[in-house]
Amino acid sequence: MNSRKRCAACKYLRRRCLQDCIFSPYFPPNNPQKFEYIHKIYGASNVAKILQRSFYAIDSYNMKDQKQQILFTLRHNAESKILSMVALGLSLYYNLKFKKTENLIAKTNAEIALVQTTLPN
């Protein structure tokens, strides 16, 4: 019987946490929100690929700092994607609103011109 707790990623993905789980050093069982947030943006397989690539670059001397840096980078990139999508959505919304306003002004000017031509001088 394995007395080791499942990491947050394995809990979220509802699977057994193996001894060599790539997620366990980065996503401890006591902080599941960290994995949930990153998983929503990247997906489990992409996070695993990123962590596997970075695992070989981590030296044992600064391991904790480097792990935190990887998680910070993932979170920052995710937030940047979300914020850029929000900015794009707002930009499209205001462009559409501006276009509708321009069309309304053009229509109103055309109606004014029509009324001016029908009125006697």
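Helices here are DSSP runs of H or I with at least four residues, strands are runs of E with at least two, and both are numbered from the N terminus. With that in hand, hello everyone, and let's walk through this structure together.

A word on the ground rules. This is a predicted model, where local features need pLDDT of at least 70, side-chain atom pairs count only at pLDDT 80 or more, and totals for chains, interfaces and linings use all residues. Residues are numbered from 1 along each chain as its sequence is written, and side-chain values use heavy atoms, with hydrogens and water left out.

So how confident is the predictor? The score is pLDDT, the predictor's confidence in each residue, from 0 to 100. The chain averages 78, and 83% of the residues score at least 70. Where is confidence highest, and where is it lowest, in the chain? Helix α1 is at the top with 92, while α4 has the lowest mean, 77. Please keep in mind that where pLDDT is low, the predicted coordinates should not be read in detail.

Now to the inside of the model. I'll say "buried" for under 20% relative accessible area, "exposed" for over 50%, and "partly exposed" for in between, using a 1.4 Å probe and protein chains only. A nonpolar core is a set of buried Ala, Val, Leu, Ile, Met, Phe, Trp, Tyr and Cys residues joined through side-chain atoms within 4.5 Å. In the largest such core there are 21 residues, and those touching the most other members are C7, F23, F27, F35, I38, V47 and L51. Which elements give two or more residues to this core? They are α1, α2, α3 (44–55) and α4. As background, in soluble globular proteins, nonpolar side chains tend to be buried together.

Let's pick out L51, which sits in helix α3. L51 has a relative accessible area of 0%, so it counts as buried. For contacts, meaning heavy atoms within 4.5 Å, I'm skipping residues up to four places away in sequence: L51 then touches I22, F23, Y26, F27 and I70. Along the chain, L51 and I70 are 19 residues apart, and their C-alpha atoms are separated by 8.1 Å.

F27 has its own list of partners. Leaving aside neighbours within four places in sequence, F27 is in contact with C7, A8, A9, K34, F35, I38, V47, L51 and L71.

Next, the aromatic rings. Rings of Phe, Tyr and Trp (its six-membered ring) pair if their centres lie within 6.5 Å; planes under 30 degrees apart count as stacked, over 60 as edge-to-face and the rest as tilted. How many aromatic pairs does the structure hold? There are four. One of them joins F23 and F35 edge-to-face, at 5.5 Å centre to centre with 70° between the planes. This pair links distant parts of the chain, twelve residues apart: F23 is in the loop between α1 (8–13) and α2 (32–42), and F35 is in helix α2. Both of these residues, F23 and F35, are buried. F35 also pairs edge-to-face with F27, at 5.1 Å and 75°. Ring pairs link Y12, F23, F27 and F35 into a cluster.

What about the cysteines? A disulfide is a pair of cysteine sulfur atoms within 2.5 Å, and the structure holds zero of them. For C10, the nearest cysteine sulfur is that of C7, 3.5 Å away. For C21, it is the sulfur of C10, at 3.6 Å. C10 is buried, at 1% relative accessible area, and C21 counts as buried at 12%.

Charged side chains come next. A salt bridge is a side-chain nitrogen of Lys or Arg within 4 Å of a carboxyl oxygen of Asp or Glu. Searching the whole structure turns up one. In it, the side chains of K99 and E102 meet at 3.8 Å, N to O. Both lie in helix α4 (residues 63–118), three residues apart, about one turn of the helix. K99 is partly exposed at 47% relative accessibility, and E102 is partly exposed at 36%.

One last stop: R14, in the loop between α1 and α2. Its phi is near 55°, a positive value in a residue other than glycine. Is R14 buried or exposed? With a relative accessible area of 75%, R14 is exposed.
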